Amino acid sequence: MYLGVDQAAEWADAVALIASTHDAVRSGAVRLFVLPSLPATVAVSAKLSDSAVAWGAQDLHWDDRGAVTGGTSGADLVELGCTLVEVGHAERRKIFGEDAGVTRRKFAAATRNGLTPVLCVGEREPMPAADAAAECIAQLESAFAGDRGSTEVIVAYEPEWAIGQPQPAPPEHVRAVADIVREHLASTRGTAGETTLIYGGSAGIGTLSSLGDSVDGLFLGRFAHNPADFARIIDDAAALT
Ligand SMILES: O=C(CO)COP(=O)(O)O
């Protein structure tokens, strides 16, 4: 909810231009997706529709149709051209009280509708990496509910305590957690359906370079609101490919 609808559209316009001119995006070496606020979806998708940038939503309801005033149907997101949807963001868990059961049902709704879930996991408080990873793995397994990799999933590791801060979590912490989570995903899901691991939480210019190949990418918030900064973050990603 940082950007208004017109601001989001203007931002998407700038991002579409960056995507169309950046070699790493043009070649497919760097892939981009945008999850605007729901009211901005149509305006943003109009700007991105001729670009390589995918778009999606920040939330959906677990039912596709019925008496759910204020809900967002995954089927409607598909009609809007969304190919991804975020599930289980820390703010959904904290502000809206979404628990493991809600996240599991929303994850199922995403895959049922053919939307790639961007499944957010992360520890609430700072803690040793092994404990943080265990918490993330418990959240993952709870959301998967036995799904063993039939669909593509993007796992966003976002420690709750690192969101909305001046700096991301220390890179050595992120790398240590990501290594354990990745090993778990590889041993339980293999390569079926493809699982991507990205880091979010005050990520910006230089974050990806500091994480090396322990993650596949970033989940950006505030520090991508300036398109010029976003372009520099794409440069960081391109340098790693
Ligand atoms: O929550 C986030 C992305 O989902 C991160 O937001 P910030 O990068 O603004 O902390």
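Which helices and strands cover the buried residues of H6? Before getting there, a bit of housekeeping. This is a predicted model, where local features need pLDDT of at least 70 and side-chain atom pairs count only at pLDDT 80 or more, while totals for chains, interfaces and linings use all residues. Residues are numbered from 1 along each chain as its sequence is written, and side-chain values use heavy atoms, with hydrogens and water left out.

Now to H6. Helices (H or I, at least four residues) and strands (E, at least two) are DSSP runs, numbered from the N terminus. H6 runs over residues 100–112, which makes 13 residues. From its first C-alpha to its last it reaches 18 Å, close to the 18 Å expected at 1.5 Å a residue; the expected span is 1.5 Å times one less than the number of residues. Its buried residues are Val 102, Thr 103, Lys 106, Phe 107, Ala 109, Ala 110 and Thr 111. Buried here means under 20% relative accessible area, with exposed over 50% and partly exposed in between (1.4 Å probe, protein chains only). An α-helix has 3.6 residues a turn, so residues three or four places apart point the same way. As for the cover, it includes strand S3 (84–87), helix H5 (90–95), strand S4 (116–121), helix H7 (129–144) and S5. Contact means heavy atoms within 4.5 Å.

The ends of H6 have their own details. At the start, a side-chain oxygen of Asp 99 comes to within 3.2 Å of the backbone nitrogen of Gly 101. Just after the helix, Gly 114 has a positive phi of about 75 degrees.

H7 can be read in a similar way. Its 16 residues should span 22 Å at 1.5 Å a residue, and its end C-alpha atoms are 22 Å apart, so the two agree. Among its buried residues are Ala 132, Cys 136, Ile 137, Gln 139, Leu 140 and Phe 144. The buried residues of H7 pack against H5, H6, S4, S5 and H8. After H7 comes Ala 145, with a positive phi near 45 degrees. Most residues other than glycine have a negative phi.

What does His 173 touch? It sits in helix H8, and it counts as buried because its relative accessibility is 12%. Not counting residues up to four places away in sequence, His 173 touches Glu 123, Met 127, Pro 128, Ala 129, Ala 132, Tyr 157 and Trp 161. With Tyr 157 there is also a side-chain to side-chain polar contact at 3.1 Å. A polar contact is a pair of N or O atoms within 3.5 Å; within protein, one must be able to donate a hydrogen and the other to accept it, and residues adjacent in sequence count only if both atoms are side-chain atoms.

Over in strand S4 there is Val 118, which is buried because its relative accessible area is 0%. Leaving out residues up to four places away in sequence, Val 118 touches Phe 33, Leu 35, Leu 84, Val 85, Glu 86, Val 87, Ile 154, Ala 156 and Phe 219.

Two of those names, Glu 86 and Phe 219, come back in the ligand site. The residues around the ligand are Glu 86, His 89, Glu 158, Ile 163, Gly 164, Gly 201, Ser 202, Ala 203, Phe 219, Gly 221 and Arg 222, where being near takes a heavy atom within 4 Å. By class, that shell has 3 nonpolar, 5 polar and 3 charged residues. Ala, Val, Leu, Ile, Met, Phe, Trp, Tyr, Cys and Pro count as nonpolar, Asp, Glu, Lys and Arg as charged, and the others, Gly among them, as polar.

Which distances link side chains to ligand oxygen atoms? A polar side-chain atom of Arg 222 lies 2.6 Å from one. For His 89, an N or O atom of the side chain is 2.7 Å from a ligand oxygen, and for Glu 158 the distance is 3.1 Å. The protein covers 92% of the 310 Å² of accessible area that the ligand has on its own; such areas come from the Shrake-Rupley method with a 1.4 Å probe, and for residues, only the protein chains shown count as cover.

Ser 202, one of the residues around the ligand, is found in the loop between strand S6 (195–200) and helix H9 (207–211). It counts as buried because its relative accessibility is 8%. Its phi is near 60 degrees, a positive value in a residue other than glycine.
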